[in-house]
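Dear colleague,

Please find the structure below, followed by my notes on what was computed from it.

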Amino acid sequence: MFWLAPFLLFQLQQPLDIPDKNPHTTAADIEQGKRLYMGRCAGCHGPSGDGGKGANLAVPTLPRAAADRSLYRIIRYGIPDTEMPGSLMDAKELWQTAAFVHSLGQVPSAPITGNAQAGAQVFKSKGACLNCHALGNEGGRIGPSLSGIGARRGAAHLKAKIVNPAADVPDQFRLVQLTTKAGKTMRGIRLNEDTYSIQLRDFSGNPQSFWKADITQLTEEKKTNMPAYQGKLTDTELNDLVAFLANEKGAQ
Amino acid sequence: MRLALLLLSLPLLAQVTHQRLLNAEKEPGNWLTYSGNFSGHRFSPLKQITDQNVAKLTPAWVYQSNSLQKFETTPLVVDGVMYISEAPSHVTALDTRTGRVIWRYRRTLPDDVRVCCGQVNRGVAILGDLVYVGTVDAHLVALDSKTGAVRWDVTVADNKTGHSITVAPLAVKDKIIIGIAGGEYGIRGFLDAYDAKTGKLAWRFWTVPAAGEPEAKTWAGESYKRGSAATWVTGAYDPDTNLLYWGTGNPGPDWNGEVRAGDNLYSDCLIALDLDTGKLKWHFQFTPHDVHDWDATEVPVLINAEFRGQPRKLLLFPNRNAFYYVLDRVTGQFLLGKPYAKQTWAKGLDDSGRPIRLPGTFPTVEGTRVWPSVAGANNWYSPSYSPDTKHLYVATRESGAVYYFGNAEYKAGEQFNGGGFRSIPGEEEWGAIRAFKPTTGEVAWEYKLFTPPYSGVLSTAGNLVFGATAEGQMIALNATTGKLLWRFQGGGTVRSNPMSYQSDGKQYVAMTLGNSLYVFHLQP
C-alpha cells in the first residue's frame, strides 16, 4: 500500500459542467498558470515542459488531451494507473494551468536528432535492454516496462536516465537485500511490503516472499540495478536509442 | 420462513433506554453507542479473550458489503442484534451469532451527491426502539429497530450546497445529536439536537458566527459566511456536568488563510454545550487560524484522574495537529499540551495552550513542506482508554505533506479549498500504536507500523489492544507491554474502529477490514 498515499483523504468528484473551451487564456492567466505549474507540475514535467519523469508537454498536440476539456480533466483528476495525480486547484486555477501547459507546445522543443530504426537495433543488441525491461510482450520484468515510454517520458529525461540511471530510481523498483535466519542472502526488486512481510523479484525473475520475523537483516539499497551507459554507447548510438524510445508510444 | 424462525430464537428485544446508555458498562455484552460509552473510551469490559488465549482468535463469520466505498462503520450490538451502516447511507441488521441479515434499509440518493472524501458512514445510534442514521444527502432518519421501516426522515441541511452527514449520531436522554460535514464546501457549520421520538429540531449550535456576533470579529470581513467548522466526528457526554463535548473542523477555505485573517472561531475547537439547551459553556481552540486542514474532529476521551496532585475531571485530546492536549472538562482550562508525533509548524504551546507558530510554515503557491500531513498525526478514527492499565492508546501517523496555496472563490456546491497538498517525494512515512500516560503524555510503549495507520483502537479487560494496519492486518497487542499477540490479514486497507460484544456467552471482536466486516471469536 506504500504507493497509495497522496489521495488518502480527498476523492475528486465528477465535474458538474466543464466548458469545451478554456475560458481563462489571457496573458495574466498564463502567467498565473506558470506559477501554479512551477509549484505543482514542473517537478515531473520539467520547467519548460519538455518532460522528465512526466510526459513531454511541449508538443503542439497532447496525445491524451487534444481538447481543452480533456486537458482540464487530466489536471483535475489525474490519469488512473499512472504516476499522474489529480489536483485540488479550483476551476480557474485549473484552466490557468491548462492555458500555460498549452502555451508550452507553441515553443519548439529540442529536436530529436537520432535515428529511431538504428536505435531499435541498439535496444535489442548492444544495449541488451530486454534483459530487464519489457516492450510489448517481450523482455524482462526486473525493471519498469518500456511499452509506451515515449508517451510518458521526454527525450531529455530518457537520455539522462540511460547515461546516469542512479539519479532517479522509481519507488516501485527499489533494490533490497535481505538475510534470512537460515543464513540465506537474497537481492531483488521490492514488489510489495507491509509491517510483517516483504515480496520481491529476484534476478532470475522469480517472485519471492519472506516474513520479516524470519529475516535478520533487511536493507534498502538506494541505487538502481540498471547499468550506466555513459561511455558504453557512442554518442550516435545513444541518440539513436533515445529516438527509438521517444517514438515508442505503445499500442494506441 | 427461515428468517422468521431465526427471529423467534433471538432474545426478546428490549427497549434501549437512556438509563441503559448511561450504564453501558453494566451490560458489557452489548455495544450501545459509537464509542462504547459516553466517555469516548472504546473499552470493552469483556475478558473471555485475553492476552493468554488471543492467539487462538479466528473468524466466526464475515459480512461482505456490496459497496466499494470505504467501510468505516462501528457496529452497535443490542441483545443479539448487530446494527451496521454501510456506504453510502444504508443500514443493515445482522444476527450477532450467524452474521445473517435480519433487515436492510437501502437509501436512494441523488446522482450528484456532494461529499468531499467518499460517500461513507461511520455508524448508527439507538434509543428506545429506533435506530438512527445520518445520510450523505444530509438527512437524519429514524428506523424501526425490529423491521428497518422508516419512522421519520428529516432534512438536516441541503446537500446541493455541500452539506452531508457521515458521522454516527449520539443518542442522549431524549435527543439525537448529529453533526454535519462539508468543511471543503464553505458551509456554515453547526451541531444539531433532534427530539428522538418526533425528529423535531430541539436546538442548533452554529459553529461559525452570524453578522454582529462577537466571534465574527475573528474573521476578516465577511469571511465567516464560508467559515465551515464542520462537526463530522461523534463526541462525548458527561451526565455530571450535563455537557456535550464535540470537536469542530477546519475553517474554510482549507489552505488559503489570507481571505480569513483572524482566529476563525469556532473552527478547530473543542466545544462544550449544555445538552438541554445547546448553549456554549466553554470552548478551547487548538489551531487558531488553521491553514493546514487540521480539523479538531477527533474523539474526546473523558476520564477522572489525579492531575498534579489534584483529582480532576479531564478531557484528553490527541489532536490532528500533532499535539496532545489535556483540558479540565468542567471549565475548559488548558492543563497540558505537548507534541506526540513529528511536527514542524509550532515552537510549542504557550501557557494558555495557544500554539507558537514557526515562520515559513504557511502554504505557498510553490509548495511548503510541513509535518504533520493533511491527514494529521491522528484523525477521525478512535483512540481508546483502559481503566485497567490507565493508558490512552492512539494510532499515530508519522508523515508530512507539501501544502499549496491557491485561489478561494466561493461557488455554492463546489469545493472551496484554496490550495491543495501532496505527499513529500521520497519521504519514508510510518506509524505506530502508542500507549500514553494520560496525565503526562509520556509514552509507555510503542508498536511500530510500516505504513501510517488510518484506523482506531479498542482496549479490553483481557489486557488487550485491538487495532489494524493500513496494509490490511487486524492485530492484537498486550495492553501493558505493546507486544504483538495475534494478527490476521483481511485483504483490504482498514478505515474503521474495532469493537467487542458477547452473544450466547461467547465474546466476539468485530472490525471492518477492506470492504468486509470480520467478526472473530476463540477457536472452538
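The contact between the chains takes 26 residues from chain A and 29 residues from chain B, two residues being in contact if their C-beta atoms, placed from the backbone, lie within 7 Å. On the side of chain A that touches chain B, helix H1 (27-40) and helix H4 (91-104) each supply at least two residues, and H1(A) gives the most, with five residues. That side divides into 14 nonpolar, five polar and seven charged residues (Ala, Val, Leu, Ile, Met, Phe, Trp, Tyr, Cys and Pro count as nonpolar, Asp, Glu, Lys and Arg as charged, and the others, Gly among them, as polar).

This is a predicted model, in which local features need pLDDT of at least 70 and side-chain atom pairs count only at pLDDT 80 or more, while totals for chains, interfaces and linings use all residues. Residues are numbered from 1 along each chain as its sequence is written, and chains are lettered from A and ligands numbered from 1 in the order in which they are written.

Chain A has eight helices and seven strands, which are DSSP runs numbered from the N terminus (helices H or I, at least four residues; strands E, at least two). Within chain A, the axes of helix H5 (residues 116-124) and helix H8 (residues 235-247) come within 7 Å and cross at roughly 100°, the axes being lines fitted to C-alpha atoms, for helices over the stretch in contact, with angles running from 0 to 180 degrees between N-to-C directions. H5(A) and H8(A) are therefore roughly perpendicular to each other (65 to 115 degrees). The residues of this contact divide into eight nonpolar, two polar and two charged.

Kind regards

Terms used. Angles under 35 degrees count as roughly parallel, over 145 as roughly antiparallel, 65 to 115 as roughly perpendicular and the rest as oblique.
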